[in-house]
Amino acid sequence: MTKAKHLRTRMAERGLVHIMAAHSPLSAILAEDAGFDGLWASGFELSALYGLPDMSLISMTQHLDMLRAIAGRSSLPIVADIDTGYGNAINVIHAIGEYERAGASAVVIEDKTFPKVTSLVAGGRQELLRIEEFQGKIEAAVATRQDSDFLVIARTEALIADLGETEALTRAAAYAEAGADMILIHSKKKDPSEIESFSRAWRETVPLVVVPNAYPELDAERVKALGNIRMMIYGNYGIRAAVTAMQDVFKRIIANGGVQNVYKDIVTVEEIFRLQDMATTKANEHRYLR
Ligand code: SPV
Ligand code: MG
């Protein structure tokens, strides 16, 4: 069974899958250990890893390189965040081939113009494509995929752009008509009211995806009660967790003039060896180095 088929099966069986953001193979290994159903190859997280804002500054090649490295160290399906698809429908055709070959099981394409501006920043310049143009991009993605289980997820930024629920519903329905397997509805509101209202108003059979970054209190129980959301993506939690831990430890080392206090609060080197699968390398050394 392909990873894409596995992801679809899991959604059908469990009703809801939990997808964790990964910005590196190591964060992917940690997400798999923790029990997530899949990985989100997040543009925001990779941009932050490079110390850059998430504004189409990271190239497709950089994102693909990281996705390949992640796919090489994790058995989980990967949902690739391909932003606007790197241009028009022709760029999308190229991107789908590249991402499928790199090991992605799904892509999310958003209806913003290129270059995009990250969704949650205050006062962000949020410009949307014409509906017909974005439908062409979705149709191109669907027609290009080789594996029919590979998911094409259309993301509307209508609520992010303050265009209101009616526009969001119109766009989502148009993208479903163009062949999208799922609709990602994004919101920057601090509470989930916009998402819950959209979900209740959504009458199509195409299921929804949410990213509870701005509205953290929308948990799995509330999502399940809505009935048409099949995927939750924890969009920036990997990089925020890493930053929290590093900021704390780095500050304490400076404050304490050494590592004499922090060493017991961080994982051992042996734990890193485990994550690196050092045991296999040791066994290979024993077997092959003569
Ligand atoms: C990402 O993780 O790159 C996302 C989610 O697209 S958000 O940053 O909240 O828009
Ligand atoms: Mg993104």
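Start with the whole protein chain of this predicted model, whose domain assignment gives domain 1 (3–235) and domain 2 (243–288). Colour the two ranges separately. Their centres, taken over C-alpha atoms, are 33 Å apart. Next, look for the place where the domains meet: 5 residues of domain 1 are in contact with 4 residues of domain 2, counting heavy atoms within 4.5 Å as contact.

Now select ligand 1, which sits in the largest cavity. Show the residues that surround ligand 1: Trp40, Ser42, Gly43, Phe44, Asp54, Asp81, Ser119, Leu120, Arg155, His186, Asn213 and Gly235. Coloured by class, this shell has 6 polar, 3 nonpolar and 3 charged residues.

- Phe44: pick the backbone, where an N or O atom lies 2.8 Å from an oxygen atom of ligand 1.
- Arg155: pick the side chain, where an N or O atom is 2.7 Å from an oxygen atom of ligand 1.
- His186: again pick the side chain, where the distance from an N or O atom to an oxygen atom of ligand 1 is 3.0 Å.

How much of ligand 1 does the protein bury? Taken alone, ligand 1 exposes 290 Å², and the protein buries 99% of that.

Note on methods: Residues are numbered from 1 along each chain as its sequence is written. Chains are lettered from A and ligands numbered from 1 in the order in which they are written. This is a predicted model: local features need pLDDT of at least 70, side-chain atom pairs count only at pLDDT 80 or more; totals for chains, interfaces and linings use all residues. Side-chain values use heavy atoms; hydrogens and water are left out. A residue is near a molecule or strand if one of its heavy atoms lies within 4 Å of it. A polar contact is a pair of N or O atoms within 3.5 Å; within protein, one must be able to donate a hydrogen and the other to accept it, and residues adjacent in sequence count only if both atoms are side-chain atoms. Accessible areas come from the Shrake-Rupley method with a 1.4 Å probe; for residues, only the protein chains shown count as cover. On a 1 Å grid over the protein atoms alone, a cavity is a set of points where a 1.4 Å probe fits but cannot get out, and a pocket is an open set with protein on both sides within 12 Å along at least five of seven lines; lining residues have an atom within 4 Å of a point. A molecule sits in a cavity or pocket if more than half of its atoms lie within 2 Å of its grid points. Ala, Val, Leu, Ile, Met, Phe, Trp, Tyr, Cys and Pro count as nonpolar, Asp, Glu, Lys and Arg as charged, and the others, Gly among them, as polar. Domain bounds come from an automatic or database domain assignment.
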